[in-house]
Protein chains: 2
Amino acid sequence: MNVKEFDLIRWIRRAAPADASVVVGIGDDAALVRAHGPSTLVTTDMVIEGVHFAPGGATPREVGWKAMARNVSDIAAMGGRSTFAVAAAALPRGWSEADARELVLGLLDCANQFGIRLVGGDIAATPGPLIVTVTLLGDLEGRPPILRSGARVGDAILVTGSLGGSLLGKHLRFRPRQAEGLALAERYAPHAMIDISDGLARDLHNVLDASRVGARLWAADIPLSDDARRAAQASGRSPLDHALGDGEDYELLFTLDPATAGVLLADQPFDVPVAQIGEVTPSGALLILPDGSERPLEPSGWEHAT
Amino acid sequence: MNVKEFDLIRWIRRAAPADASVVVGIGDDAALVRAHGPSTLVTTDMVIEGVHFAPGGATPREVGWKAMARNVSDIAAMGGRSTFAVAAAALPRGWSEADARELVLGLLDCANQFGIRLVGGDIAATPGPLIVTVTLLGDLEGRPPILRSGARVGDAILVTGSLGGSLLGKHLRFRPRQAEGLALAERYAPHAMIDISDGLARDLHNVLDASRVGARLWAADIPLSDDARRAAQASGRSPLDHALGDGEDYELLFTLDPATAGVLLADQPFDVPVAQIGEVTPSGALLILPDGSERPLEPSGWEHAT
């Protein structure tokens, strides 16, 4: 580590807020945080230039936001509240210290908005693309985790927000659905939940596989985003295709027993709409088109460009 | 993520042992682990091809070991026991699935030896160098953390093992000093502790800066490794220079009150020798040479090749 990196770490120590829950913060061999209940959620996710955003297609601040927010979305999909984060950044050799600070400010923008404490990290310069790895801890506040494997035959399948076309910008600026995930966990007890990162079709298949069930998805009820329509104009594919396959929506996909789903749909308690888009069946995965015809729902979610 | 990566994750799920402490392991949006006491240590560290090992200079299995072991060393330097890990791997595009499995086996070799559960991760292929980021949780088992900032004037400065020349091989095969760190924390209550990653001189300065004290280091008492002597023959520098500056020794550097240090030095309770190499003073940092002359101890520890 060179002297500039020590300077940067000193700056980060000042920029990152701490409170009594952070017993030892940035600057020692490890951080020490006050754990919450008897168990802790933990998740880790990378954001990589050229994989998760186009080379040069995002500012350092946007990348920092996204790196933190992707992990918040994962904790939310378990029904948890994000608490403490560490971040490791492999910076391209051409980056200035100002670029690095912008990246950290993006991490902190998101951390501060969701009450997360950044308590440690690692920084190095490399000849490769920018890679930011965030590891996030989370708290279930005494509730059971909401797994992918809990979907039951007869459940309603629901989704927050609208889907498709995230590459037009939402993938850098999405707001992870922590408030919605917490409210669902506290008041509606979803049987299964996942966040849509790889695409509605792929992530639904992840739930179906883990739960050993099937699904009928109602194409006419899938909420299409304006960006799905804009992306369709450019691609020549349908907005529905974009909603099924694009991914990086970071909306919550979950299942509820039908009575609870009815209450939730009537309540619409969130800032973002909730829609039922299908139902859980014993096996198979079908897409029901508006004309009533069916076709197999392939798990052709958006695949990262690896 | 492509289908092969799903296969790899399925393989990792089978390869990674779990136990009752892992409520939710690999394969959901986040892991859920049973936390230990009221607080949790957390640390994150990258291992990067071309920065932490020469391009092509380590097998995937060695890189996996090192990525886990570096973090174990950090938790040990707080006086803690490592518990749960997540790992994110950015793999070069040319890597085969067999290479990726070898990397995971290296991570698991180290995890299993130290009783750590690998509970989650992220994998992607990139055009850049191999980067493995491990985040590790640790448990203090009710003891206070041992910080860099606790050194007191009059303390003895001690080190485990021998130093220098780690690039000849030890940097890939070191055994992190978890047993020694735990025994020190339980029975000798070090005032300050750090693991030597950046070099004895640099890491001692890190302790001195954090503790706002100085030191006199006795050159004749610094334990030189055989590799420090071999490296010196090749470099034309002295073995002492290598011991002061090379870094990546992953030995523990710590301070004790002099009476306790006397007991520890007489006990020699570890598989690896412990030596006193100096004493804490009110200010300044001096190296005392064998002829009794003094020179300033520069913080010229090994600097990562950034």
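These numbered points concern salt bridges, strand pairing and helix packing in a predicted model.

1. Salt bridges overall. Over all chains, a search of the whole structure finds 38 salt bridges.

2. A pair between chains. D28(A) and R148(B) form a salt bridge in which the closest N and O atoms are 3.6 Å apart. This pair crosses from one chain to the other, since D28(A) lies in the loop between β1 (22-24) and β2 (31-34) of chain A, while R148(B) lies in the loop between β6 (131-139) and β7 (156-160) of chain B. Both D28(A) and R148(B) are buried.

3. A buried pair within chain A. E248(A) forms a salt bridge with K66(A), and here the closest N and O atoms are 2.9 Å apart. The two residues are 182 residues apart and belong to distant parts of the chain, with E248(A) in the loop between α8 (239-245) and β10 (252-256) and K66(A) in helix α2 (residues 60-77). E248(A) has a relative accessible area of 1% and therefore counts as buried, the cut-off being under 20%. K66(A) is also classed as buried, because its relative accessibility is 0%.

4. The salt bridge between E279(A) and R216(A) has its closest N and O atoms 3.5 Å apart. It links distant parts of the chain, from E279(A) in strand β11 (residues 274-281) to R216(A) in strand β9 (residues 214-218), 63 residues apart. E279(A) is partly exposed, with a relative accessible area of 30%, and R216(A) is likewise partly exposed, with a value of 27%.

5. The pairing of strand β9(A). Strands β9(A) and β11(A) run antiparallel and are joined by four bridges. Four bridges also join β9(A) to strand β12 (residues 285-288) of chain A, and these two strands run parallel. In the pairing with β12(A), W218(A) has I288(A) as its bridge partner.

6. A network in chain A. Salt bridges link R81(A), E141(A), R143(A) and E186(A) in a network.

7. Helix packing in chain A. Helix α2(A), which carries K66(A), crosses helix α3 (residues 97-113) of chain A at roughly 35°, and the axes come within 6 Å. The crossing is right-handed. Residues of α2(A) in the contact include W65(A), M68(A) and V72(A), and those of α3(A) include L103(A), L107(A) and C110(A). By class, the contact of α2(A) with α3(A) has twelve nonpolar, three polar and four charged residues.

8. Helix packing in chain B. Helix α2 (residues 60-77) and helix α3 (residues 97-113) of chain B pack at an angle of about 35°, with their axes 6 Å apart. α2(B) passes α3(B) in a right-handed crossing. Among the contact residues are P60(B), R61(B) and G64(B) on α2(B), and D99(B), E102(B) and Q113(B) on α3(B). The residues of this contact divide into twelve nonpolar, three polar and four charged.

Terms used: Residues are numbered from 1 along each chain as its sequence is written. Chains are lettered from A and ligands numbered from 1 in the order in which they are written. This is a predicted model: local features need pLDDT of at least 70, side-chain atom pairs count only at pLDDT 80 or more; totals for chains, interfaces and linings use all residues. Side-chain values use heavy atoms; hydrogens and water are left out. Axes are lines fitted to C-alpha atoms, for helices over the stretch in contact, and angles run from 0 to 180 degrees between N-to-C directions. A crossing is left-handed if the near helix is turned anticlockwise from the far one by less than a right angle, and right-handed if clockwise. Contact means heavy atoms within 4.5 Å. Ala, Val, Leu, Ile, Met, Phe, Trp, Tyr, Cys and Pro count as nonpolar, Asp, Glu, Lys and Arg as charged, and the others, Gly among them, as polar. A salt bridge is a side-chain nitrogen of Lys or Arg within 4 Å of a carboxyl oxygen of Asp or Glu. Buried means under 20% relative accessible area, exposed over 50%, partly exposed in between (1.4 Å probe, protein chains only). Two strands pair if DSSP finds at least two bridges between them.
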